[in-house]
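Subject: Handover of a structure for your review

Dear colleague,

Please find below the structure that I am handing over to you. My notes on what was found in it follow directly after.

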Amino acid sequence: MKHLVPLLLFACCAASAQQTDANSDTAAPAVEVANLRNPVLKSYKTMLAGVDIYERMKARAPNTTLRFRLLAPDGAHAKPFTLRIANDDTSVGVPVEANGTFALPLLPELSGDAELIVNAKKGSVRWTPDIRPAGEPDTVRRLGDLRLECEVWWVIEQEDMGFFRRKLMQAVGSPCASKMSTLFYEPGRKVSGATLEHGGKRLPLKVVRNGYAFVLPLQDKSLEDEAAIVIEYAES
């Protein structure tokens, strides 16, 4: 059973996943790119499923907005890329901020066969949800917001899993709530430490991935959504 336990990396709930078996062929889900001329990130319809679950569960993360973020393989912010939503007949550009974030526009006329496309080489960029209130500093994250990021990630990511793996994961339950999962958060910059503050207590969180991620206790039901994670960034 050990080899069935997923390691989930979000950047959040970064969003990449891999099994504990180092020989598994289910490596972290990087952007799928057929070639540099036609590099596909995700089905637009699948991405909209993430937007839908965000709207339905938004009470967990009030006063927030949903954006998505592009990350380099090591967990750092990816350099700005060109994004577009396109099918055989139409192509609509998607603005990307300097920090790699973008908002997914709602285009009902393209919700069928369109794809979200990025001009990046295969394996050079990954995606993650980014849910937070406007103006929130990068040094503080609310636990409820990160929990919803994970749910958005999971709804989107399972669409790309093979039938057997998807059914297996569904049998275990949402990795965002299962104690069989180890969850990480990637803030997009190298950190020197992260501390969870809840009920007057401070819990240091384990930093991993050469400082580009730290372990998240999302499944701990004793921690309220209002718990805060304070992030200390390494000097650049």
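Arg209 counts as partly exposed, at 36% relative accessibility (buried means under 20% relative accessible area, exposed over 50%, and partly exposed in between, with a 1.4 Å probe and protein chains only). Arg209 sits in the loop between strand E14 (207-208) and E15 (helices, H or I with at least four residues, and strands, E with at least two, are DSSP runs numbered from the N terminus). Although Arg209 is not a glycine, its phi is positive, at about 55 degrees. Asn63 is likewise a residue other than glycine with a positive phi, near 60 degrees. Asn63 belongs to the loop between helix H1 (44-56) and E4, and at 68% relative accessibility Asn63 counts as exposed.

Before you read further, please note that this is a predicted model, in which local features need pLDDT of at least 70 and side-chain atom pairs count only at pLDDT 80 or more, while totals for chains, interfaces and linings use all residues. Residues are numbered from 1 along each chain as its sequence is written, and side-chain values use heavy atoms, with hydrogens and water left out.

Disulfide

The structure holds 1 disulfide (a pair of cysteine sulfur atoms within 2.5 Å). The disulfide joins Cys150 to Cys176, with an S to S distance of 2.1 Å. This pair links distant parts of the chain, 26 residues apart: Cys150 is in helix H2 (residues 143-157), and Cys176 is in the loop between helix H3 (163-172) and strand E11 (182-185). The disulfide is left-handed, because the torsion about the S-S bond of Cys150 and Cys176 is about -90 degrees. Both Cys150 and Cys176 are buried.

Salt bridges

A search of the whole structure finds 15 salt bridges (a side-chain nitrogen of Lys or Arg within 4 Å of a carboxyl oxygen of Asp or Glu). One of them is formed by the side chains of Lys42 and Glu157, at 3.4 Å from N to O. Lys42 lies in strand E3 and Glu157 in helix H2, so this pair ties together parts that are 115 residues apart in sequence. Lys42 is buried at 6% relative accessibility, and Glu157 is buried with a relative accessible area of 7%.

A salt bridge also connects Arg142 with Glu226, whose closest N and O atoms are 2.7 Å apart. Because Arg142 lies in strand E10 (residues 140-142) and Glu226 in the loop between strand E15 (213-216) and strand E16 (228-233), the pair ties together parts that are 84 residues apart in sequence. Arg142 is buried, with a relative accessible area of 15%, whereas Glu226 is exposed, with a relative accessible area of 55%.

The side chains of Glu197 and Arg202 meet in another salt bridge, at 2.4 Å from N to O. Glu197 counts as partly exposed at 28% relative accessibility, and Arg202 is exposed with a relative accessible area of 56%.

Contacts between separate parts of the chain

How far apart in sequence and in space are Leu41 and Ile117? Leu41 and Ile117 are 76 residues apart in sequence and 5.1 Å apart in space, C-alpha to C-alpha. Leu41 lies in strand E3 (residues 40-43) and counts as buried at 4% relative accessibility.

Pro80 and Glu97 are 17 residues apart in sequence, and their C-alpha atoms are 6.9 Å apart in space. Pro80 is in the loop between strand E4 (65-71) and E5, where Pro80 is partly exposed with a relative accessible area of 49%.

Surface charge

Asp88, Asp89, Asp113 and Glu115 gather in a patch of negative charge on the surface. Patches are made of residues with over 30% relative accessible area and no salt bridge, with like charges joined within 9 Å and nonpolar side chains (Val, Leu, Ile, Met, Phe, Trp, Tyr) within 5 Å.

Yours sincerely

How values were computed
Accessible areas come from the Shrake-Rupley method with a 1.4 Å probe; for residues, only the protein chains shown count as cover. Lys and Arg count as positive and Asp and Glu as negative; His and the chain ends are not counted. The place of a charge is taken as NZ of Lys, CZ of Arg, CG of Asp or CD of Glu.
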